Amino acid sequence: MHSSQQIIELFQRYVIGNYTRYPVCLVSGEGSHVWDAEGNRYLDFFPGWGCDLLGHCPARVVEAVRDQVTKLIHVPNTWYTEPQGLLAQTLSQRSGFDAKCFFCNSGAEANEAAIKLARLCGKPGRYKIVSMMNSFHGRTLGALSATAQPKYHQGLEPLLAGFTYIPFGDLDAAARAVDGETCAILVEPIQGEGGINLPPTGYLEGLRELADKHELLLIFDEVQAGMGRTGRWFAYQHWNVLPDAVTLAKALAGGVACGGLMARAKYADLLKPGTHAATFGGNPLACRAALATIETIEDDGLLDRAGQIGDRFRQHFERLKPRCPLIQQVRIKGTMIGVELSVPGAALVDACLKRQLLINCTHTTVLRLLPALTLTDELIDEGCGVLAEVLLAHKV
């Protein structure tokens with residue numbers, strides 16, 4: 001096996017450097033642990049950038065993929081396949097509305113499909129979409145245009161026309177943004193990359209009323225919050241608000257690349273043959289992995305476990321906060337965990353890495369954790385102990 005340094009040198013020579021990478025080559029994982037090429041073990045509180053909802057290499061997902069890969073790996077969507085049909089049924093039955101599904105490979109692709117659907121649903125001359133500041137919808141050009149963070153737009157202008165940016169949580173601003181050319185509202189029920197921002201009381205309900213009043217599509221981006229991470233199948237279910245369309249990816253297939261769009265049948269039927277496609281979307285491998293992910297969450301009671309994990313993290317951070325002036329605010333919904341700091345968090349991420357704990361910093365000052373639903377209390381306590389030591393030792 002190559003060393004981490006040897007692999008790093010391969011990357012430096014042959015791989016485009018569009019990612020900032022840690023100087024570690026990971027070679028294996030199990031549950032909430034990963035190992036590097038030198039045999040060092042790390043506790044992972046940010047597995048797969050939110051994709052590994054069940055931890056690394058979950059047994060049912062591994063077995064489903066192993067079984068499927070011997071039968072049929074990929075066929076185009078000119079054919080019917082059982083796994084895709086079963087996955088669409090399984091998601092629809094948990095959505096709370098009459099959803100039909102389109103499958104792709106990533107969150108950006110799912111949001112591109114949603115943008116197309118919104119424009120197809122709009123009456124002639126209606127093409128504008130209202131999206132929220134500090135949102136994140138992907139890095140393809142349409143999804144990036146919907147992302148109201150100028151730092152991601154630099155050097156890529158002109159972007160796709162027709163997006164109106166407003167503050168997240170401000171219903172008055174939403175009402176002012178809608179005009180005769182608006183066709184949709186696109187919002188993350190819980191902003192992830194923007195810093196784990198929860199919606200104010202009545203906000204999602206107010207957006208639903210606004211959309212109904214003006215005959216707009218209400219689209220929820222659940223790429224990060226969906227699939228049980230918050231303790232419900234979809235985050236919108238905490239607020240009893242039903243969308244017209246939902247985008248999914250990340251945890252959908254337990255770490256296997258899979259994205260999806262769910263839409264009410266009356267809108268979904270506007271995506272006719274020729275309007276949209278994804279070559280690898282809905283392939284048998286990904287769909288079997290997604291079905292195994294859903295089976296694991298249900299059979300192992302992991303929706304309830306999400307809330308328990310969030311509560312235990314909250315207890316740790318609330319006990320630490322009086323002793324640690326760096327902590328400004330703690331925001332938690334299930335296993336979406338954000339700790340707002342008074343200082344940039346990058347150095348703290350690096351300090352945790354040296355202690356073999358993997359975390360993330362987003363929006364400069366928010367420590368973001370997206371732990372697996374299978375994380376044990378013992379590992380929560382262990383990791384929070386490391387975090388506490390790192391935070392308390394940090395010199396401003």
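These legends accompany several close-up views of a predicted model. In this model, local features need pLDDT of at least 70 and side-chain atom pairs count only at pLDDT 80 or more, while totals for chains, interfaces and linings use all residues. Residues are numbered from 1 along each chain as its sequence is written, and side-chain values use heavy atoms, with hydrogens and water left out.

**View 1**
D377 sits in helix α12, which covers residues 377-393; helices (H or I, at least four residues) and strands (E, at least two) are DSSP runs, numbered from the N terminus. D377 counts as partly exposed because its relative accessibility is 26%; buried means under 20% relative accessible area, exposed over 50%, and partly exposed in between (1.4 Å probe, protein chains only). Setting aside neighbours within four places in sequence, R305 and R312 are in contact with D377, where contact means heavy atoms within 4.5 Å. With R305, the link is a side-chain to side-chain polar contact of 2.8 Å. A polar contact is a pair of N or O atoms within 3.5 Å; within protein, one must be able to donate a hydrogen and the other to accept it, and residues adjacent in sequence count only if both atoms are side-chain atoms.

**View 1. Helix α11 against helix α12.**
Stay with α12 and bring in α11 (residues 346-354): the two pack at an angle of about 130°, with their axes 10 Å apart. Axes are lines fitted to C-alpha atoms, for helices over the stretch in contact, and angles run from 0 to 180 degrees between N-to-C directions. The helices are therefore oblique to each other, since angles under 35 degrees count as roughly parallel, over 145 as roughly antiparallel, 65 to 115 as roughly perpendicular and the rest as oblique. On the α11 side, L348, A351 and C352 meet L387, V390 and L391 of α12. The residues of this contact are six nonpolar, no polar and no charged; Ala, Val, Leu, Ile, Met, Phe, Trp, Tyr, Cys and Pro count as nonpolar, Asp, Glu, Lys and Arg as charged, and the others, Gly among them, as polar.

**View 2. T182 in strand β7.**
Look for T182 in strand β7, residues 182-187. T182 is buried because its relative accessibility is 1%. Its side chain reaches the backbone nitrogen of D179 at 3.0 Å. Beyond its neighbours within four places in sequence, T182 is in contact with R126, K128, V130, A177 and L216.

**View 3. S95 in helix α3.**
S95 belongs to helix α3, residues 82-95, and is buried because its relative accessible area is 0%. The S95 side chain reaches the backbone oxygen of S92 at 2.8 Å. Not counting residues up to four places away in sequence, S95 touches F234, Y236, Q237, L242 and M262.

Between α5 (141-146) and β6 (163-166), the loop holds P158, and the peptide bond from E157 to P158 is cis, with omega near 5°. In the loop between α11 and β13 (357-358) you will find Q356, which has a positive phi of about 65° although it is not a glycine. Q356 is partly exposed, with a relative accessible area of 33%. T364, in the loop between β14 (360-362) and β15 (366-369), has a phi near 70°, a positive value in a residue other than glycine.
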